[in-house]
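Open the model in your viewer and colour it by secondary structure. The tour moves from the whole chain to one pair of elements.

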Amino acid sequence: MTEAAEFELAVPDSVAADADAVELLRMWWSKNEPVMSVKPAFADPIKFGELLAYAARHMAHGYAVRHGHNEKAAYDRILQGLSDVIKADNVRTVAEPVSPQAGNV
């Protein structure tokens with residue numbers, strides 16, 4: 001996997017400085033579908049729902065800053081996408097093996 005610099009994500013300084021920080025999710029769009037690596041680190045799954053809600057808000061802000069979208073409209077579109085997938089009956093989980101070399105990339 002190679003990424004153009006514009007698509008690389010940096011670890012925020014506040015996270016790098018926190019010895020107790022835990023990475024919970026990595027996501028990619030690959031071969032026209034989402035692919036992710038997850039760590040269910042919270043004892044209560046509601047915390048992951050809260051994390052997704054924060055991510056939606058932050059992503060809407062990102063669309064406003066990077067692409068000039070109206071932030072509220074972007075947030076509404078993100079929620080529509082969430083709703084569409086939640087209502088879909090064709091979403092399935094496929095567990096892929098992870099090669100030892102790629103384990104902690």
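Read along the sequence, the protein chain runs α-β-β-α-α. That gives 3 helices and 2 strands, where helices (H or I, at least four residues) and strands (E, at least two) are DSSP runs, numbered from the N terminus. This is a predicted model, in which local features need pLDDT of at least 70 and side-chain atom pairs count only at pLDDT 80 or more, while totals for chains, interfaces and linings use all residues. Residues are numbered from 1 along each chain as its sequence is written, and side-chain values use heavy atoms, with hydrogens and water left out.

Show the C-alpha atoms of the protein chain: they fill a box of roughly 40 × 40 × 35 Å, taken along the principal axes.

Next, select residues 71-87, helix 3. At its start, a side-chain oxygen of N70 comes within 3.0 Å of the backbone nitrogen of K72.

Finally, show the side chains where the two helices meet. Helix 2 contributes A56, R57, M59, A60, H61, Y63 and A64, and helix 3 contributes E71, A74, Y75 and I78; contact means heavy atoms within 4.5 Å.

Key: Axes are lines fitted to C-alpha atoms, for helices over the stretch in contact, and angles run from 0 to 180 degrees between N-to-C directions. A polar contact is a pair of N or O atoms within 3.5 Å; within protein, one must be able to donate a hydrogen and the other to accept it, and residues adjacent in sequence count only if both atoms are side-chain atoms.
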